Amino acid sequence: MNIVKMFEGLSIYEFQAQFKDDKSCTDLLVSLKWEDGYSCRYCGYTNYCGTKRYGERRCCSCKKPESATAHTLFHKLKFPIHKAFMMLYLISTTKKGISALELHRKMGLHKRTCLFFKRKVMAAMSSLFIYKMEGSVEVDETYIGGKEKSKVGRSKGRKKLVVIGIQRSGKGIYKAYARQINNAGVKELKPFFEDHIDINAKIKTDGWRSYTSLKKTYKNLKQTKSNNGKNFNALHRFIMGLKSWLRGIHGSVRDLQPYLNEYTYRFNRHKSNGNIFNLLIKRMVNFPARSYNQIFSAA
């Protein structure tokens, strides 16, 4: 099944017609989950038989069954699978994203149910640490969070510190990553560099001393004065866009990292020609199941 051809440019009406019930959605999950052939996760046997439950396969050796949603991010859904597909469609195709509250209004499901499922989707949007930034890279930190009545001046208050890196492409930005950190020390910044920046990249940062320490590993790291952000125009435009998106779609967020994951995932795939749904549903199938506690404790 060529899923890319299947979903490219699909309108919401066409989507609803194609995935009108649980059976049609389960068919796609089956094709994605076992696209390389069935193999029992318990004993490795490759022959199976069907069961009374649609889309479920039972191992002919150990007799253990496995549904199309088991061990995926669709595991143990408390609502129909076709509604999960519609939420995934709305999350992936709405230009600026969609809040859990808006999903609640559109889908008629409980607010917490919508938030839980959206956070599962956001878990699938997290970086796999495969594609690192190369070439010309800029890195800086910023505080995210609104003003507080009891806090004045430069007091951090409840604001959260985030390190952001971008890969330049001419005057624009090709790729970006963001991570919430506890402080701007080397122990917090170095893992971000290791996960997201190629060791041979030409990195530009400001004069903060923690970046100076990273020069031992990243030989092409150069430091320059920020000049109130004028020497990091593209990076600061990205930061302003991120903050604007958070305020406009989600307001104040308590668990910041999943939202950083969503924003950068969308940004890095903005030229995917409407295929974010395709990419996301594959990730949803390939990611391991997550419980409510696992989702919210990991933020």
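## Terms and basis of the model

A crossing of two helices is called left-handed if the near helix is turned anticlockwise from the far one by less than a right angle, and right-handed if it is turned clockwise. By that convention, α5 and α6 form a right-handed crossing.

The structure is a predicted model, in which local features need pLDDT of at least 70 and side-chain atom pairs count only at pLDDT 80 or more, while totals for chains, interfaces and linings use all residues. Residues are numbered from 1 along each chain as its sequence is written, and side-chain values use heavy atoms, with hydrogens and water left out.

## The chain as a whole

The protein chain contains twelve helices and eight strands; these are DSSP runs numbered from the N terminus, with helices (H or I) of at least four residues and strands (E) of at least two. Of its 299 residues, 44% count as buried, a term that means under 20% relative accessible area, against over 50% for exposed and partly exposed in between (1.4 Å probe, protein chains only).

The chain exposes about 16,700 Å², and carbon and sulfur atoms supply 49% of this area. Contact means heavy atoms within 4.5 Å. Among contacts between residues at least 6 apart in sequence, 59% join residues at least 24 apart.

## Helix α6 and its two partners

Helix α5 (residues 100-107) packs against α6 at an angle of about 120°, and the axes are 8 Å apart. Axes are lines fitted to C-alpha atoms, for helices over the stretch in contact, and angles run from 0 to 180 degrees between N-to-C directions. The two helices, α5 and α6, are therefore oblique to each other; angles under 35 degrees count as roughly parallel, over 145 as roughly antiparallel, 65 to 115 as roughly perpendicular and the rest as oblique. On the α5 side the contact is made by A100, L101, L103 and H104, and on the α6 side by K111, C114, L115 and K118. By class, these are five nonpolar, one polar and two charged residues; Ala, Val, Leu, Ile, Met, Phe, Trp, Tyr, Cys and Pro count as nonpolar, Asp, Glu, Lys and Arg as charged, and the others, Gly among them, as polar.

Helix α4 (residues 81-93) also packs against α6 (residues 111-124), at about 60° and with axes 11 Å apart. This pair is therefore oblique, and α4 passes α6 in a right-handed crossing. A84, M87, L88 and I91 of α4 meet C114, F117, K118 and V121 of α6. Seven residues of this contact are nonpolar, none is polar and one is charged.

## Helices α3 and α4

The axes of helix α3 (residues 22-33) and α4 come within 8 Å and cross at roughly 70°, which makes α3 roughly perpendicular to α4. Their crossing is left-handed. From α3, the residues D22, C25, T26, L28 and L29 meet I81, H82 and F85 of α4. The contact comprises five nonpolar, two polar and one charged residues.

## Two buried loop residues

Y38 lies in the loop between α3 and β1 (48-50) and is buried, at a relative accessible area of 7%. Leaving aside neighbours within four places in sequence, Y38 is in contact with residues including Y45, Y48, R57 and C59. The C-alpha atoms of Y38 and C59 are separated by 9.2 Å, although the two residues stand 21 residues apart along the chain.

A70 lies in the loop between β3 (65-66) and α4 and is buried, with 8% relative accessibility. Residues up to four places away not counted, A70 touches K33 and H75.

Technical notes:
Accessible areas come from the Shrake-Rupley method with a 1.4 Å probe; for residues, only the protein chains shown count as cover.
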